[in-house]
Amino acid sequence: MDLRKIAIKKSNFVSYKKHSITRDYSFGNKLGSGSFGSVRLATHKASGQIRAVKIIKKDEQEDEEKLFLEVDILAKLSHPNIMQVYECYDDSTNFYIVSELCEGGELFDCIAEKGQLSEKDAAIVMRQILSAICYSHDNNVVHRDLKPENILLDYKSDIAHLKIIDWGGARYFKKNKKMSKINGTPYYIAPEVLDEKYDEKCDIWSCGVIMYFLLSGSPPFLGKNLDELYDNIRNLKYDFDVKIWSSISNDAIDLLKRMLEKDPDKRFSAQEALNHKWIKSRRMNRSIINRTTLPDLKHNLKKFLSKNLLQLAFDAYIVHHSSNLRKENELREFFKKIDTSADGRLSFEELKV
């Protein structure tokens, strides 16, 4: 067997199990519920880690294929700002999706509590969202339902650690091939989605609506009913009210206009938005890696890469199932510091720096 051909992927460690979930987890309080079912707190018996379990009743789940698509997508996406899924269980009555726990609540609640975010705070939020969407688009996945309610905080009132959730409406897309099924939430939906001919740029429109919401405390498009709302979206009827927007920078307004561009072909991509000066000039403070540690870093990287791939796969499995949460967060923060382009990947140049 040629070990060099072994592919080490996150999806290799997301398990699908038919035995009872209570063999591996003990359930705690209910965290929430919706049309899909409920979400419960659960403790992994082997590691002691506390996780979230989405429970979907089979008699209420019409589209099993859609459910498995969500699990498949989350199993393949590995990014600091995308909710991670660990395993999936299937018994006679329910499906169970086990994921990481975000204890800080919804971004929507955080905004409601603060009333309005500063431009610096808004940029910190937008950079993380755009980084996750840039990564998902690079992997040919479109979310299709981005909104503050689908963005959770890892910790209470800590906007520097966000996770995008609810990938139930997500799907794989092909370049130059349009999608037609309307999906999303009215206030955040792109005009081309309403016209049933759209591509992954619909996510960028939603990002623009979220950014507008972060800076002003209200969505750009309103209406007395859905028809009026959709007409305003199609006709691009929004403005920058002087009372609210007079203190907002021209750079912020420029980025908003480029994301809320009606023509998807002219609209910014996630990467272009990430590269905009409003995002770059307000990025999170970064500590500098001490250059005296570089020789050790090079040595450790060489040593790491010299391991055989079976050992790497074993190490990855152990880390995935048994890692300490504090160390996991330290690694995530270190990754963000190295990933200066914020695209969720480490390039050769970033590693070299």
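In this predicted model, Gln128 is in contact with Asn81, Ile159, Ala160, His161, Leu162 and Lys336, leaving aside its neighbours within four places in sequence. Gln128 belongs to helix H3, which comprises residues 119-138. Is this residue buried or exposed? With a relative accessible area of 3%, Gln128 falls under the 20% cut-off and is therefore classed as buried. Its side chain reaches the backbone oxygen of Ile159 at 2.7 Å.

Attention now turns to the nonpolar interior. In soluble globular proteins, nonpolar side chains tend to be buried together. In this model, the largest nonpolar core has 78 residues. Those with the most contacts inside this core are Met126, Ile129, Trp167, Met211, Leu214, Met259 and Trp278. Helix H5, residues 202-216, supplies the largest share of the core, namely 11 residues. A second, separate core consists of 9 residues, among them Ile21, Ala42, Val53 and Tyr86.

Apart from neighbours within four places in sequence, Trp167 is in contact with Glu70, Ile73, Leu74, Leu77, Ile82, Ser136, Val141 and His143.

Helix H5 is mostly covered, with 15 of its 15 residues buried.

Key: Residues are numbered from 1 along each chain as its sequence is written. This is a predicted model: local features need pLDDT of at least 70, side-chain atom pairs count only at pLDDT 80 or more; totals for chains, interfaces and linings use all residues. Side-chain values use heavy atoms; hydrogens and water are left out. A nonpolar core is a set of buried Ala, Val, Leu, Ile, Met, Phe, Trp, Tyr and Cys residues joined through side-chain atoms within 4.5 Å. Buried means under 20% relative accessible area, exposed over 50%, partly exposed in between (1.4 Å probe, protein chains only). Helices (H or I, at least four residues) and strands (E, at least two) are DSSP runs, numbered from the N terminus. Contact means heavy atoms within 4.5 Å. A polar contact is a pair of N or O atoms within 3.5 Å; within protein, one must be able to donate a hydrogen and the other to accept it, and residues adjacent in sequence count only if both atoms are side-chain atoms.
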